[in-house]
Amino acid sequence: AEFNKPVWEYLNSATSATRVNQGAAKANQWSDTLGTLERRYGVDRKIILGIWGMETNYGANTGGIYVIRALATLAHAKYRDNFFRDELLVALKILEEGHVERNNMKGSWAGAMGHTQFMPSSFMKYAVDFNGGGAKDIWTSEQDALASTANYMKSFGWKQGLVWGLEVELPAGFDFKLADRKVKRSFAQWASLGLKPAQNRNMPSGEAALFLPAGSTGAAFLITDNFNVIKKYNNSDSYVLGVALLGDRIGGAEPVQGSWPKGSRSLTKAESMEIQRKLAGLGYPIEKFDGKLGENSRDAIRNFQLKQGMVADGYPTISVLKALRSL
C-alpha cells in the first residue's frame, strides 16, 4: 500500500482516529516499559509506538501463517533470489534455540514475525529478552517486542534527542531546487529562508533536509537523519511518515496542516514504470522498472525537471510523463 496509494490516503489510514486512540491507551499501559527503553536505548517512545501501530495495530494483526512454511514456499519459488532461503535457515535456528514453540511461530506471508514484525535475520541480530523470561519472545511478550524494536533502531544509528522532523510552511517564491534530500541545512538556516513550523512549536536543533512527499502543492516536511533510521524498518517514505506522524499524534500533536493535491490523478503502475524506463533511457541511474518511485527515482525526476525548466520538486505527475514522452 505504501507504494500504490497516494501518500495522503496512506497517511489518513496510518493516523486514523482509532489507531491514534489505541496508541494513546498503549502508551499509558506500557509507560514504565517505554520509559526504561528510552533511557536504555535512547529511542523516542513515540517512534516505538508508531512502528508497533503501523506493523500490527498494536499486536492485533501479527499474522497467522506458519513462518517455516511461508519461507520454504518463497525459497522454493526462488522469489528475491536467495533472500528467503537464507531467512528460512535462520528461522530454523530460532526454533532450534527454543525462543518459540513450533506451533506458535506464526507471522506474515513473507515470514515477518511478532508484534513488530521482525524477519528471522533481524530477530537473530536485534531481538532482546527484556522481561528475563529466558527467550526472546516477540510473539507474546509486548516488553520483548518493544525492547527489540528499540534495540533495532539504536543499532541503525538513532540519535537520542534528535527529532525525526516536522511539518513546515514554505514562504512564497520558495526555490524548489532546495527540495533535495542531499541538501541539508540546520533548522535555524531553514528558518532564515522563511520556513516555519506548521504547528505551534519552535524550530528544533539539528540538521535537516526538505521533503515534499506530494510535490510542491502538498504538505512539506523537514526531515533529519532519524527519518532515515526509521526507513531501515521499511524502505518507503510513506511508511516512515506514517510511523512518525502516528507517533506524533499519539503524543498529542495535531494532524497534518498542509493541503494535498487530491484533485490530481495519480499515476498508474504502468505509467510509473514508463517514467522509470524513459529516465533510464536518458542516462539516469534507474536500475529497477518496478513502478515503485522511491528516493532514487525521485532524484532522477528532480534532475529531469531542472533540465526541462519545470518546478523541480521530484514529484511524479502526468506532466512529467508527457515531458518524457515528448523527447
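At what angle do the axes of helix α12 and helix α13 cross, and within what distance do they come?

**Entry 1: ground rules.** I am working from a predicted model, in which local features need pLDDT of at least 70, side-chain atom pairs count only at pLDDT 80 or more, and totals for chains, interfaces and linings use all residues. Residues are numbered from 1 along each chain as its sequence is written, and side-chain values use heavy atoms, with hydrogens and water left out.

**Entry 2: the helix pair.** I looked up α12 (residues 269–281) and α13 (residues 295–308); their axes come within 11 Å and cross at roughly 60°. Helices (H or I, at least four residues) and strands (E, at least two) are DSSP runs, numbered from the N terminus. Axes are lines fitted to C-alpha atoms, for helices over the stretch in contact, with angles from 0 to 180 degrees between N-to-C directions. I noted the crossing as left-handed (the near helix is turned anticlockwise from the far one by less than a right angle). On the α12 side I found Ile275, Gln276 and Leu279, which meet Ser297, Ala300, Ile301 and Phe304 of α13 (contact means heavy atoms within 4.5 Å). Ala, Val, Leu, Ile, Met, Phe, Trp, Tyr, Cys and Pro count as nonpolar, Asp, Glu, Lys and Arg as charged, and the others, Gly among them, as polar.

**Entry 3: the cavity.** I then followed α13 to the largest cavity, where α13 gives the most to the lining, with four residues. Both β6 and α13 supply at least two lining residues each. The space in this cavity is about 80 Å³. On a 1 Å grid over the protein atoms alone, a cavity is a set of points where a 1.4 Å probe fits but cannot get out, and lining residues have an atom within 4 Å of a point. Grid points are joined across faces, edges and corners, and a volume is the space filled by probe spheres set on the points. I listed the lining, which includes Arg181, Leu210, Asp237, Glu295 and Arg298. The lining divides into three nonpolar, no polar and seven charged residues.

**Entry 4: the sheet.** From β6 I went to the open sheet, whose five strands are ordered β4-β6-β7-β3-β5 with antiparallel pairing (two strands pair if DSSP finds at least two bridges between them). β4 (184–186) and β5 (196–197) are at the edges with a single partner strand each, so one side of each has no neighbour in the sheet. β4 and β6 (residues 207–211) are antiparallel and joined by three bridges. I checked arginine 185: its bridge partner in β6 is alanine 208.

Note on methods: 1 Å grid on protein atoms, 1.4 Å probe; cavity = no way out; pocket = protein on both sides within 12 Å on 5 of 7 lines; lining within 4 Å.
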